[in-house]
Amino acid sequence: MMKQKGNPIDLIGTDIRNKIKELGRLWRASESSLKVPMAVLDSWEQLVSDWATDTSMPLIIRKGSARGQEFEHPSGRKIIISDNTFALWVYRNVLDRKTFTVSEIKDMLDNDDIPMVYALKKEEKEIAKHTKTLGKFSLSDADSKWKLCHIEPVGLNSRKHIEDLEIERIIEHFKKYANPKNMFALPKEIGGLGEVQEFINEQKFNSY
């Protein structure tokens, strides 16, 4: 939208916005869209909630720098930095109908069994604690390449150092970032639609 004399001007218009919503509904109902049982989504949502409240568990956040590194927040909580790799790992497990307990996740983190980065340069590996990479990976066995999108934005939108962010804000970020109910996938050919709010709003809980 543009503003003129304090009033927003909608350059898109209601008709086009309604068409974008229609596209969103068409994709959600498409046989090609990736759907999972609601029971699996519910199980992961509970896992993420239990994980977030367990202060012995590290929180994972999406950030463009320091990928794979682990920091200790002044609250005492450990923070692991990922790109979108961790969310992709979560969603692939959801699609495979795999669920875990907090204890199992803790063991996997301790053994560096959960991928946190697409790839690491040699100098990054030297300072990263979590070095498992995504490797050859696809959300689906179908030929299409997929883009994982979030419904509610998961950007921290802050230039503050991790240590200066309120722990409550980090927890809320983690819950949105890691909860598969806040995710959906699109073929990369139409991946740009995953940035359009009217389309995004139609994708909630693509399940059965």
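I started with Arg97, which I found in the loop between α3 (85-95) and α4 (102-110). Helices here are DSSP runs of H or I with at least four residues, strands are runs of E with at least two, and both are numbered from the N terminus.

The model is predicted: local features need pLDDT of at least 70, side-chain atom pairs count only at pLDDT 80 or more, and totals for chains, interfaces and linings use all residues. Residues are numbered from 1 along each chain as its sequence is written, and side-chain values use heavy atoms, with hydrogens and water left out.

**Positive phi**

I looked up phi for Arg97 and got a value near 65 degrees, positive in a residue other than glycine. Most residues other than glycine have a negative phi. Arg97 counts as partly exposed because its relative accessibility is 39%. The cut-offs are under 20% relative accessible area for buried, over 50% for exposed, and partly exposed in between (1.4 Å probe, protein chains only).

Next came Ala66, in the loop between β3 (59-62) and β4 (70-72). Its phi is near 60 degrees, again positive and again not a glycine. Ala66 has 25% relative accessibility, so I noted this residue as partly exposed.

**Strand β7**

Which residues of β7 are buried on each side? I listed Met183, Ala185 and Pro187 on one side, with Phe184 and Leu186 on the other. Both faces are covered.

I then checked the partner strand. β6 (residues 146-150) runs antiparallel to β7, and five bridges join them. Pairing takes at least two DSSP bridges between two strands. I also traced one bridge: His150 has Met183 of β7 as its partner.
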